[in-house]
Amino acid sequence: MTASSTPASASAPEPERAFAPIGDQVRALKRAIEAIVLVAHDPVPADLLAQLLEQPTTLIDIWCDEIAESYAAAGHGFEFVRVAGGLRYQTAADVTPYVERFLLHDQRARLSGAALETLAIVAYKQPISRAQVGAIRGVDPDGVLRTLQARGYIDEVARDDGPGQAILFGTTAVFLEKLGLESLDDLPAIAEFIPGADVVELLEHGLRVTPEIDVAPTAVHAAAQNEPGVDPLADDVS
């Protein structure tokens, strides 16, 4: 038999056929997903899990959803959720009071009201410069911005095109992770925190100051107009 007549199957092995894992293979891969997410410091993207397990991302997404559903159905005190573009474990919402009590037992430094206000401004107005934050808050935000940047909640994201090319700040993945958000699109609408027109009117009315009417100077001024030569500002010595 000549070389030209040799079957292709005899000269080279057939390429490996793609197959979908089943049964014990799926269970083993799900356990691998759980182990990776458990030891990860940050949320693990699904495409990274797909690379590590050498499986299609579509299957990874399906398995992650099944893992999350199994935890929810079992009623565990933790959940398997998608946060900040990845997957992670977090405590269930209904056990929050107990977790807060545990954390407050050894309370760490918390963000001040000024820091939270500044963080909210950056979150909703990003990218935003230091001067723009200061204009909204009415105070110099430099120290607060440094604190937020040191905590990893905000970072420099761009430069302004205008004169001076001011640094523009934006939120980070840590911010999304701490708030349990998948993306900035999940932030609640700012309109939910703005009072209605009727409330604003009541507030303005309550803060409005009605000037007191001083009758005496008005009467003296009128008398001075009727009597030429009388100085309304002169002392009354009579």
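In this predicted model, strand S3, formed by residues 128-129, is joined to strand S5 by 2 bridges, and the two strands run antiparallel. Within this pairing, the residue standing opposite Phe169 of S5 is Ile128. S5 also pairs with strand S4: 5 bridges join them, again in an antiparallel arrangement. Here Asp155 stands opposite Gly170 of S5.

S5 itself is mostly covered, with 5 of its 5 residues buried. Ile167, Phe169 and Thr171 point one way from the strand, whereas Leu168 and Gly170 point the other way, and all of them are buried.

Helix H8 comprises residues 142-151, and its buried residues are Val144, Leu145 and Leu148. These residues lie on the same side of H8 because they cover an arc of only 100° around the axis. An α-helix has 3.6 residues a turn, so residues three or four places apart point the same way. The face turned away from the buried side of H8 carries the exposed residues Arg146 and Ala150.

What, then, covers the buried residues of H8? The cover includes helix H6 (113-125) and helix H7 (130-137), together with strands S4 (154-159) and S5 (167-171). After H8 comes Gly152, which has a positive phi, near 90°.

Conventions:
Residues numbered from 1 in each chain as written. Predicted model: local features only at pLDDT ≥ 70, side-chain atom pairs only at ≥ 80, totals over all residues. Heavy atoms only, no water. Buried < 20%, exposed > 50% of the residue type's maximum accessible area, 1.4 Å probe, protein only. Helix = DSSP H or I, 4+ residues; strand = E, 2+ residues; numbered from the N terminus. Arc of directions from axis to C-beta. Contact = heavy atoms within 4.5 Å. Pairing = 2+ DSSP bridges.
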